[in-house]
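Open the model in your viewer and follow the stops below. Keep the selection tool at hand.

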Amino acid sequence: MTARPEAEPGRDGAAAGRSDEPLVSIRGLKTYYTDSSILSSQPPVQAVDGVDLDVYEGETVGLVGESGCGKTTLGRTLLGLEDATAGTVEASGRDVTDLSRAERREWQENAGMVFQDPEESLNDRMTVGEIVREPLDAHDWPTLTVAVEGDARDRSVEGDAVPAGADGTPDLTVGVDADGSADVAVRDRLPLDADEVDVTVDADAVRVDLLVDERAVREGRVTDLLERVGLNEEHFYRYPHQFSGGQRQRVGIARALALEPDFLVLDEPTSALDVSVQARIINLLDDLQAELGLTYLFITHDLSVVRHIADRVAVMYLGSIVESGPTREVYADPGHPYTVSLLSAIPGSGSPWDGERVTLRGAPPSPRDPPSGCPFATRCPAKIRPDDWSFPEATWRALDALRVLFRTRARAETPTATRAKQLLGMSVDDESLTDAARDVLDAADLPPDARAVVDDAVDDASHGDDRAAAARMREAFGSRCDEEFPAPETGGRGRARTNRCLRREAEYDGARETVERRQHETDGTGG
Amino acid sequence: MSRISDGRGADPTADSARDPDPVRDRETDGDPLLAVRDLRTVFRTERETIHAVDGVSFDIYEGETVGLVGESGSGKSVTARSILGLVDEPGSIDGGSIRFRGDDLTDGLWREHRGDISIVFQDPSGSLNPVYTVGNQIREALKIHQGLRGSAARERAVELLEAVGIPDAPRRVSEYPHQLSGGMQQRAVIAVALACDPDLLVCDEPTTALDVTIQAQILDLLADLQREEGLAILFITHDMGVIEEATDRVNVIYAGEVVERAPTAELFDAPAHPYTRALLESIPGRSGPGERLPTIEGEVPTPTEPATHCRFAPRCPHAAPDCERVHPEPVAVGSASADHTAACLLHDDEFDIEAGAAYGGGDAPDAAGADDAGGRE
């Protein structure tokens, strides 16, 4: 897809602090799921279908969208838990979609995930202590990275330790005095005392031996983690089922933090919790971010939570990010019709929306068969109308509904009897089709040429060719929205707002005013 | 917050302001469609007795939507199942009455009123039988409750699917549940519920499993059905936003007890019970972005003992020694006409409990700004 930005080998640890280089940079990312069974010839599920997004150090990006929009798949792809079909995810100067096993492990130490349902994501046969310790064991933590200072800088590192890389703080810093004795400093947050390692320095090597049991260091780490998430040592030997939902989610967070990641993907971390418990978990996440300098990708369907916690928001629909930008700006002035619809659907006075409720019709199309052009076009309340026709809003809605009906039918599993009829060219299911068509024709007096199109489409469908019917409707009544899906203005680079709606162009009215105007039109005509 | 004395207008004395009957009649003529009084549903196990529903009372009149809101474990779903007569072993209704059109259902009259009350559960896929078509399931209900068969039943099934906004109903009626999306499944469940031609629809978290745009569709649908059919709805949810959007009156339930009852608008303008207030404040979006969310410490207790005290006291920022030994009864608060009660000693003039100081301390700013009148009047 896009050209990879210059790789920056050996990024300078000190300068990495507040650089304008994104921590994670997603370009043209696609993740498709293919059914590999012999019997099925289903097209792949296009769960993530071309996503561009930058995430900067220390910020929280809220990823919102409804179920099935691909937000969880996006999060999992970032962590290497799903294989990307195309595109890149740049982090620490490498593409994390294309890593060797060892590199992937390293990336997964840097990036953790908290799952929605703490009940299902924790193994009920392990104690809480074991659950939190598991990633430490799996990654053989601590690696004991050693930076050697002063004259001894060139000497190699031996024993239980490895030389520190360019990134991050080394676990141990060894200074060698003039007399050849070693001076050892242990970094903060590593539950190890300087006298628990034995450091010997000879002419060309620094040898580090751990004097305590590795497991003891890990248990110390687990105790620290439990404390940090608001649990305590006595919880160590308990099992998840002995905990409440909120406590289990704390365990999940402690586990995700075990390997000291910089980046956490939080997948609906509070959706299964009661609101009073949710508030405490959100506050905890806030605290942890401030203390540990974490970067969050916060995935949720709850727009109120996003408004509270996210610096920036990305709104996802059917595999694509349709709008993104600083949360405050997007909520105050949403640019994409889907964002308008989502915000207006939040019930109650706590809603950030002060306008009218926009109720979307229908459900999102199947990600196996996304519409061409804009993915939201089939439900869009602000869809651009073609210039060739001038119908009242109620007629447009009826025409849209009829077209969606054909599309849905084309995708539906067809009963064998119906399929047999189709093959024989016999008409199928006349009754419901004529009903649907009559609704359209009743909605307004269509001019004869438009009526002819509808009649032909119904005829196609009544002979079982719903796809042709939908195509015919699209041909006649479609617009730019059915052809084009504009790329994000910035290519997804940076923190600026993006809006993948054609209405961003100067010649069109904005999404919100269009939605509101049309709503009044249909209200006026009793539609 | 107006206090109880000025709240009742005519008679300012505390005694007369006390509410003798926990549920007053509304300012309407006629009897309630459903009157729940002092309902007690318990679950007895070898280890303990859980008082899941512990003295709940409320009314539902024809054509209105009454909300029952609370966190998980508060007893709201058990209340719903009790009304439908669906409490299974080891649970049982231990006391109180559930009068539907005057008949006490707890006298074993559920069969007589079968079909008058329908329920819609949270999970639509669990409510539909996967091996029967949607139409089959609607026709089954039509046969049992309305005696419709054959083509009459088939036509009615299509009508019902159309009524709940399922497009292409004549085709969908012969589809199986898995062929419908989640929102469409929930519409189908509502269609099955309507096939009984009920007077009361109990909706137990009907939109919780749905996305927000689909939730909006279902809420619109329920409002339309209510307008067209004059249905009464008992709406059970943990979502305060949905309560505000969908209900006329609301009962807040905590650990098996209704702690506050009010017309919906009034509850949101002037919540009186400390639990209601804390619950409202902890919702993200009601405080400013970036601010710390006010929280309620502790967990909802499982009521294993009869209530001899306020069950919210251990978590309550106002709790006083009296709260540990006196069981608070609902008392009238708010404006006289409002039918607004709170079961809290703060509002009970027999007790002298200061409010303001503790409340809003710590990390809970008193957003409601309502409780400025501490102490005895």
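This model is predicted. Start on chain A. Select Glu149(A), Asp177(A), Asp179(A) and Asp183(A): together they form a negative surface patch. Now pick out Asp179(A). Its place is the loop between β10 (172-176) and β11 (182-186) of chain A. Is Asp179(A) exposed or buried? Its relative accessible area is 63%. Exposed means over 50%, so Asp179(A) counts as exposed.

Next, the aromatic rings. Over all chains, the structure holds 13 aromatic pairs. Go to chain B and show Tyr254(B) with Tyr275(B). Their ring centres are 4.5 Å apart and their planes stand at 55°, so this pair is tilted. Colour by secondary structure. Tyr254(B) sits in strand β9 (residues 249-254) of chain B, and Tyr275(B) in helix α12 (residues 274-281) of chain B, so the pair ties together parts 21 residues apart in sequence. Tyr254(B) is buried, at 1% relative accessible area. Tyr275(B) is buried too, at 0%.

Phe312(B) is buried, with a relative accessible area of 2%.

For the last stop, return to chain A. Select Trp389(A), Phe391(A), Trp396(A) and Phe477(A). Ring pairs link these residues into a cluster.

Key
Residues numbered from 1 in each chain as written. Chains lettered and ligands numbered in written order. Predicted model: local features only at pLDDT ≥ 70, side-chain atom pairs only at ≥ 80, totals over all residues. Heavy atoms only, no water. Patch = residues over 30% accessible without salt bridge, like charges linked within 9 Å, V, L, I, M, F, W, Y side chains within 5 Å. Areas by Shrake-Rupley, 256 points an atom, 1.4 Å probe, with all protein chains shown as cover. Salt bridge = Lys/Arg side-chain N within 4 Å of Asp/Glu carboxyl O. Lys, Arg positive; Asp, Glu negative; His and termini not counted. Charge placed at Lys NZ, Arg CZ, Asp CG, Glu CD. Helix = DSSP H or I, 4+ residues; strand = E, 2+ residues; numbered from the N terminus. Buried < 20%, exposed > 50% of the residue type's maximum accessible area, 1.4 Å probe, protein only. Phe/Tyr/Trp six-rings, centres within 6.5 Å; stacked < 30°, edge-to-face > 60°.
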